[in-house]
Amino acid sequence: MSNPSSLFDITNRVVVVTGATGVLAGSAARHLVAQGARVVFLARDQVKLDRALAEAKGLSGECVSYPCNVLDQAGLEKVRDSVVARYGRIDALINAAGGNQAGATISPDKSVLDLDLTAYRQVVSLNLDGTVIPSLVFAKTFIAQKSGCIVNFSSMAATQALTRVLGYSNAKAAVDNFTKWLAVELAQKSGPALRVNAIAPGFFIAEQNRRLLLNEDGTPTARGQAVLAKTPFKRFGEAAELHGALQFLISDAAAFVTGTILPVDGGFSCFSGV
């Protein structure tokens, strides 16, 4: 009888992580290295990449880095070819690059009519195009080797009308749809060993939202209090609490799982607040 724990074994899996210098993606990338995977850190800033690799030094697996913009298709293709030349294959892509900016949000003293359309387009491009383009680039390898999986980063903003975050919400809703669409496309045309899923984190503290959710003394802001009131666990998530979901989705334990959006949210998505 086989060992059930082997279903989750990702030793020597080659995993590409975009946005790997961010708080959540960086933590996930280090976890995968610690689990024995061969992890490729992708981000725009080489200095931050060097720091991320230093933090992963000494863990069980292996890690390398490539500076690359997720909106640069030609650059991503060069990275893909370099990774295949180095390891002979790629097993998984985690699309974690993304973010928001002030102009694409609606501040309390403004209305939607004040939206900065330039900033809005930039946020939608980073989060949606920054998921679609890497997926298409690395899917070429998955199709050729007849195996591989993609895990996208969605958000609670994708399915609920969270106030203020218009551009980010619109983009993440599109990421959900793209996840399901690509899952069907690859399964039907390239076989069941190609899978596409997403995780939808609840509210985690990162650099971009820290001042929005926390005061200087660490207590929750009014918005942070509203989030906690709708989170049955009554706390924000910890970066490490995404690790299990990500490892599951790129492991053999999820061999029959595709086209799904997995919430990791402390119950936020299932609670009406009543």
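**View 1. Buried residues of helix α8 in the predicted model.** In this predicted model, the buried residues of helix α8 are His 243, Ala 245, Leu 246, Gln 247, Leu 249 and Ile 250. Helix α8 runs over residues 243-250 and is mostly covered, with 6 of its 8 residues buried. The cover over these buried residues includes the strands β1 (14-18), β4 (92-95), β5, β6 and β7, together with helix α1 (23-34).

**View 2. The largest nonpolar core.** This core has 34 residues, and those with the most contacts inside it are Val 17, Leu 32, Phe 41 and Ile 94. Two or more residues each are given to this core by β1, α1, β2 (38-43), α2 (46-56), β4, β5 and α8, and the largest share, 6 residues, comes from α1.

**View 3. Surroundings of Val 17.** When its neighbours within four places in sequence are left aside, Val 17 is in contact with Ala 25, Ala 29, Leu 32, Val 39, Val 40, Phe 41, Leu 42 and Ile 94. A second, separate core has 27 residues, and Val 83, Phe 138, Phe 142 and Leu 182 are among them.

**View 4. Helix α5, residues 166-190.** Several residues of α5 are buried, including Gly 167, Lys 172, Asp 176, Phe 178 and Leu 182. The buried residues of α5 pack against helix α4 (117-145) and the strands β5 (148-153), β6 (194-201) and β7 (261-264). Just after α5, Gly 191 takes a positive phi of about 105°.

Definitions and conventions:
Residues are numbered from 1 along each chain as its sequence is written. This is a predicted model: local features need pLDDT of at least 70, side-chain atom pairs count only at pLDDT 80 or more; totals for chains, interfaces and linings use all residues. Side-chain values use heavy atoms; hydrogens and water are left out. Helices (H or I, at least four residues) and strands (E, at least two) are DSSP runs, numbered from the N terminus. The expected span of a helix is 1.5 Å times one less than its number of residues. Buried means under 20% relative accessible area, exposed over 50%, partly exposed in between (1.4 Å probe, protein chains only). Contact means heavy atoms within 4.5 Å. A nonpolar core is a set of buried Ala, Val, Leu, Ile, Met, Phe, Trp, Tyr and Cys residues joined through side-chain atoms within 4.5 Å.
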